There are 2 protein chains.
Amino acid sequence: MKRSIEDTSIVFIGAGNLATNLAHAFYRKGFRVVQIYSRTEDSARTLAQAVEADYTTSLENVVPDAQLYIVSLKDDALVELLPQIVAGKGKGLWVHTAGSIPMDIWKGHVERYGVFYPLQTFSKSRLVDFHEIPVFVEGSSDEEVHFLKQIASALSRKVLEANSEQRRNLHLAAVFTCNFTNHMYALAEHLLQKHGLPFDAMLPLIDETARKVHELSPRLAQTGPAVRYDMGVIGKHLDMLADEPEMQQLYRLLSDDIHRLV
Amino acid sequence: MKRSIEDTSIVFIGAGNLATNLAHAFYRKGFRVVQIYSRTEDSARTLAQAVEADYTTSLENVVPDAQLYIVSLKDDALVELLPQIVAGKGKGLWVHTAGSIPMDIWKGHVERYGVFYPLQTFSKSRLVDFHEIPVFVEGSSDEEVHFLKQIASALSRKVLEANSEQRRNLHLAAVFTCNFTNHMYALAEHLLQKHGLPFDAMLPLIDETARKVHELSPRLAQTGPAVRYDMGVIGKHLDMLADEPEMQQLYRLLSDDIHRLV
């Protein structure tokens, strides 16, 4: 009897933002998510209930016979707990989801291993569609790569291979495009709130700034006082930030840096 | 005979990114764009041809009998050239499009004046749809405000009043949400190119980061190593940027600042 890829039994180690989104995505595609582990009972139970899985808060109680173990913990925790995590469960395929941890971290601990890295920002409160999310896989052998590609292709139409060196650069670039970008939104919100203005007014601008780089290189898409070296406006803006020293310093550095890249 | 708002005759002083987008938008809505002034003949002619207007490179030859003059120049140029720009054309309604220039700059030069500020990023090579763009207007009298709102409503469904103080804060916030955000994209592109990786891999992340803040406040939307204080990842990333001192400094400051705002 031919078994389909969706019969793969999956255990999640971790129930954070990424694990929550990924477990939901697998569940919706008909995969068998059999168990969720989290140190925090509430997180484990919430995710387990949503995807009809069991849960545990004890690593010793993680089932030993799953086909795929997806470990999605804070990097430090993964590194520290790894021997405990895999103990007695060496038959399965083990993957982590971290941009900045090399695949070789598994070496010597389990036989079949790899990385399953969906490049996206994940929050528990917002479940995303995986269809357009690039998933970068890496595996300890061609067989694992092939299997991870099949699994990933069930969720996304953008499945790619990346080695650990490439993945850590993708991750670093993602911190700039996502986390630092989001911080720019947060600083704008802070400023607008202070002056009783609605953050909503920024949304069409945020959307267009994002859309624009689908067509134009970011360097060509740049506008505003820094790129046209409008020192009058830059000076006024720095004055307006006199009572926000962190924002003022960032404004100055970012304006200089925009100019450096022109 | 009742005249419609689209009969308004408009002259553009300036043919840059904003003027180009705005002139096209008015033209498409059936307004009479009668003349384009630009110091650069090529810019003046290109825009004039596109919107079936005359053009000139000499301020003296700007027609004196238009109903609406839209001045869209670099801030320094507007301030410096203002007396020359308006000379002999005091009958029309004069507006500028600058976020950081107060309306009062017109005072004593012309009788009817105001500001027409579409909050968006504009490039000549990408004509945008004005329908969702917030347009903030300000006028020297209720009559001018009413008229500018009518004009703006022909283009956008989001027409709002803002005084000069509010507008300069909107502009400053926009520099963060747009120009500095775009610079984050540019830095990511730089990094990826250096390692032979495609910037396209970032687009789904860029889109989701933008979409997310339609639903969640940016502070709640934040993810990544800085907000979860993942010092292991932060340390690795700083090491990876050892040969990019500007990016390394920005990485450090932005990570600290994300933490400050949590």
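Colleague: Across the interface of domain 1 of chain A and domain 2 of chain A, how many residue pairs are in polar contact?

Modeller: Keep in mind that this is a predicted model. For polar contacts, with both residues at pLDDT 80 or more, the rule finds 1 residue pair.

Colleague: And how do the residues on the side of domain 1 of chain A that touches domain 2 of chain A divide into nonpolar, polar and charged?

Modeller: Carbon and sulfur atoms give 70% of the area buried between domain 1 of chain A and domain 2 of chain A, which is about 480 Å². On the domain 1 side, the residues split into 4 nonpolar, 3 polar and no charged.

Colleague: How far apart do the C-alpha centres of domain 1 of chain A and domain 2 of chain A lie?

Modeller: The domain assignment puts domain 1 of chain A at 5-162 and domain 2 of chain A at 168-261. Their contact takes 7 residues from domain 1 of chain A and 5 residues from domain 2 of chain A. Between the C-alpha centres of these two domains, the distance is 35 Å.

Colleague: Let's move on to the two chains. What area do chain A and chain B bury between them?

Modeller: The size of an interface is often given as the accessible area lost when the parts come together. Here the contact takes 95 residues from chain A and 96 residues from chain B. Carbon and sulfur atoms account for 65% of the area that chain A and chain B bury between them, and that area is about 9200 Å².

Colleague: Which helix gives the largest share of the side of chain A that touches chain B?

Modeller: Between chain A and chain B the count is 36 residue pairs in polar contact, both at pLDDT 80 or more. Several helices of chain A each supply at least two residues of the side that touches chain B, among them H3 (75-86), H6 (203-212) and H9 (245-261). The largest share, 27 residues, comes from H5(A).

Colleague: Why does the salt bridge of Arg126(A) and Glu215(B) join two chains?

Modeller: In Arg126(A) and Glu215(B), the closest N and O atoms are 2.9 Å apart, inside the 4 Å cut-off for a salt bridge. Arg126(A) sits in the loop between strand S6 (112-118) and strand S7 (135-139) of chain A, while Glu215(B) is in the loop between helix H6 (203-212) and helix H7 (218-221) of chain B, so the pair joins two chains.

Colleague: How many salt bridges are there between chain A and chain B?

Modeller: One more pair to look at is Glu246(B) with Arg260(A), whose side chains meet at 3.6 Å, N to O. Searching the whole structure gives 32 salt bridges over all chains. Between chain A and chain B, the count is 6.

Colleague: Which residue of chain A comes closest to the rotation axis?

Modeller: Chain A superposes on chain B by a rotation of 180° with 0.0 Å of shift along its axis, at RMSD 0.0 Å. That is the relation of a two-fold axis. The same surface serves both copies, with 100% of the contact residues of chain A recurring in chain B. At 2.5 Å (C-alpha), the chain A residue that comes closest to the axis is Thr181(A).

Definitions and conventions
Residues numbered from 1 in each chain as written. Chains lettered and ligands numbered in written order. Heavy atoms only, no water. Domains from an automatic or database assignment. Contact = heavy atoms within 4.5 Å. Buried area = accessible area lost by both parts, 1.4 Å probe. Polar contact = N/O pair within 3.5 Å; in protein donor to acceptor, adjacent residues only side chain to side chain. Nonpolar A, V, L, I, M, F, W, Y, C, P; charged D, E, K, R; others polar. Helix = DSSP H or I, 4+ residues; strand = E, 2+ residues; numbered from the N terminus. Least-squares fit on C-alpha atoms with pLDDT ≥ 70 in both.
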